[in-house]
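Reader: I'd like to learn how to read the features of a fold, one at a time. Could you walk me through this one?

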Amino acid sequence: MRTVVITGGTRGIGGALAHRLRQAGDRVIAIGSADADLTSVRQTAELTHRLPDKIDVLVLAAGRFGQRRVVTDEGFEQTFAIYVLSRYLLAERLRPALDRAEAPLILNLSGTGGIRAGGINWNDLQLADGYSLFKATMQGARANDLLGAGFATAHPQSQIRYVLYNPLFVNSGMHRYLRQPARAFVGASAALFGRSTDTAATHLAALLAQPPTARLTALRRGAPVSLARPEFDRSTAARLYTLLAELTAPHCG
Ligand SMILES: NC(=O)c1ccc[n+]([C@@H]2O[C@H](COP(=O)([O-])OP(=O)(O)OC[C@H]3O[C@@H](n4cnc5c(N)ncnc54)[C@H](OP(=O)(O)O)[C@@H]3O)[C@@H](O)[C@H]2O)c1
């Protein structure tokens, strides 16, 4: 029986995947905001101590996006905190538990290259100057591409495979964080054009049943994305990794 930890496993795509994997006999630990506030670096670090010491699969699916800039008690912009800092920290802190498994894997639901818009705002990571939902989301997506590349580069001896996966448009209910009229517009668009969370979960469960063998893989709704793209540049990834280590360390106790 595999042990699968899913952040964002209480609803949306992560919730549907948790349900599917439980039905298939996996032991699933689904994390939502009631279990740990992943916008908090301290709570994210503490969560890792409460998780099993052997983990087969870590799914990173927690996200929260808003039109208004919100700053956490630790001084981080909320999207950056949950989308980038928590995913960096969870992968790093749970690495020993993953390394104990036979065929460990990290599945990160994120950006996965190929979209030219947006980038990392190196001089203003917390988007203090001119925040927008689009800017925050795109920065998070680009940063997650680099997290995959950074993990593979930082741990060349590890057996952990890292899969970056963009499910594209899914009718998950993520629009609930938006204000009107955007909430109604995105909700209606998702209902019309998005795939169901069940369909997305079916594809992800199939992927986890027969995962890629490469150390790093990027997929857009199952289709491979070339790792030669600039979004996965190893030196840029190392730069971000160094920065994230510096930003998180003071809050980890
Ligand atoms: N939906 C799409 O079209 C789409 C497209 C591309 C990529 N993605 C990516 O897929 C992932 C999942 O998206 P989704 O649409 O399924 O999202 P969702 O329906 O909004 O679900 C978000 C999940 O994150 C958890 N969460 C939110 N804030 C949290 C916090 N502060 N601490 C801990 N957990 C928190 C929620 O838990 P609670 O409900 O318990 O608070 C919930 O389980 C996201 O990373 C997103 O970027 C989604």
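Predicted model: local features only at pLDDT ≥ 70, side-chain atom pairs only at ≥ 80, totals over all residues.

Reader: How many bridges join β1 to β3, and how many join β3 to β4?

Author: Strand β1 (residues 3-7) runs parallel to β3 and is joined to it by 4 bridges. On to the next pair: β3 and β4 are also parallel, with 4 bridges between them. Valine 5 has leucine 58 of β3 as its bridge partner, and leucine 58 in turn has isoleucine 106 of β4 as its partner.

Reader: Are the faces of strand β3 covered or open?

Author: Look at the side chains on either side of the strand. In β3 (residues 57-60), both faces are covered. Val57 and Val59 are buried on one side, and Leu58 and Leu60 are buried on the other.

Reader: Now the helices. At what angle do α1 and α7 pack?

Author: For a helix pair, read the angle and the axis distance together. Helix α1 (residues 12-23) packs against helix α7 (residues 197-209) at about 55°, and their axes are 8 Å apart. That angle makes α1 oblique to α7. The crossing of α1 past α7 is right-handed.

Reader: Which residues of α1 and α7 meet?

Author: From α1 come Gly12, Ile13, Ala16, Leu17, Arg20 and Leu21. Their counterparts in α7 are Thr197, Asp198, Ala200, Ala201, Thr202, Leu204, Ala205 and Leu208. Sorted by class, this contact of α1 with α7 holds 9 nonpolar, 3 polar and 2 charged residues.

Reader: And how far apart are the axes of α3 and α8?

Author: The axes of helix α3 (residues 78-93) and helix α8 (residues 234-248) are 11 Å apart, and the packing angle is about 95°. That makes α3 roughly perpendicular to α8. On the α3 side, the contact uses Phe80, Val84, Leu85, Tyr88, Leu89 and Glu92. The α8 side brings Tyr241, Leu244, Ala245, Leu247 and Thr248. By class, the contact of α3 with α8 has 9 nonpolar, 1 polar and 1 charged residues.

Reader: I'd also like to check the backbone. Which peptide bond is cis?

Author: As background, most residues other than glycine have a negative phi, and most peptide bonds are trans. In this model, the bond from glutamine 180 to proline 181 is cis, with omega near 5°. Proline 181 sits in the loop between β5 (161-166) and α6 (182-193).

Reader: What is the phi of leucine 127, and what is that of leucine 168?

Author: Leucine 127 has a positive phi of about 50° although it is not a glycine. Leucine 168, another residue other than glycine, has a positive phi near 60°. Leucine 127 is in the loop between β4 (105-109) and α5 (133-154), while leucine 168 lies in the loop between β5 and α6.

Reader: Is leucine 127 buried or exposed?

Author: Leucine 127 is buried, because its relative accessible area is 0%. Leucine 168, at 39% relative accessibility, counts as partly exposed.

Reader: To finish, which residues does threonine 217 touch?

Author: Leaving aside residues up to four places away in sequence, threonine 217 touches Tyr162, Val163, Leu164 and Pro212. Threonine 217 lies in strand β6 (residues 216-220) and counts as buried at 12% relative accessibility.

Reader: And where is histidine 251 found?

Author: Histidine 251 is in the segment after α8 and is partly exposed, with a relative accessible area of 22%. Histidine 251 touches Val41, Arg42, Glu74 and Phe76, again not counting residues up to four places away in sequence. The C-alpha atoms of histidine 251 and tyrosine 241 are separated by 16 Å, and the two residues are 10 residues apart along the chain.

Note on methods: Residues numbered from 1 in each chain as written. Heavy atoms only, no water. Helix = DSSP H or I, 4+ residues; strand = E, 2+ residues; numbered from the N terminus. Buried < 20%, exposed > 50% of the residue type's maximum accessible area, 1.4 Å probe, protein only. Axes fitted to C-alpha atoms, helices over the stretch in contact; angles between N-to-C directions. Parallel < 35°, antiparallel > 145°, perpendicular 65-115°, else oblique. Left-handed = near helix turned anticlockwise from the far one by under 90°. Contact = heavy atoms within 4.5 Å. Nonpolar A, V, L, I, M, F, W, Y, C, P; charged D, E, K, R; others polar. Pairing = 2+ DSSP bridges.
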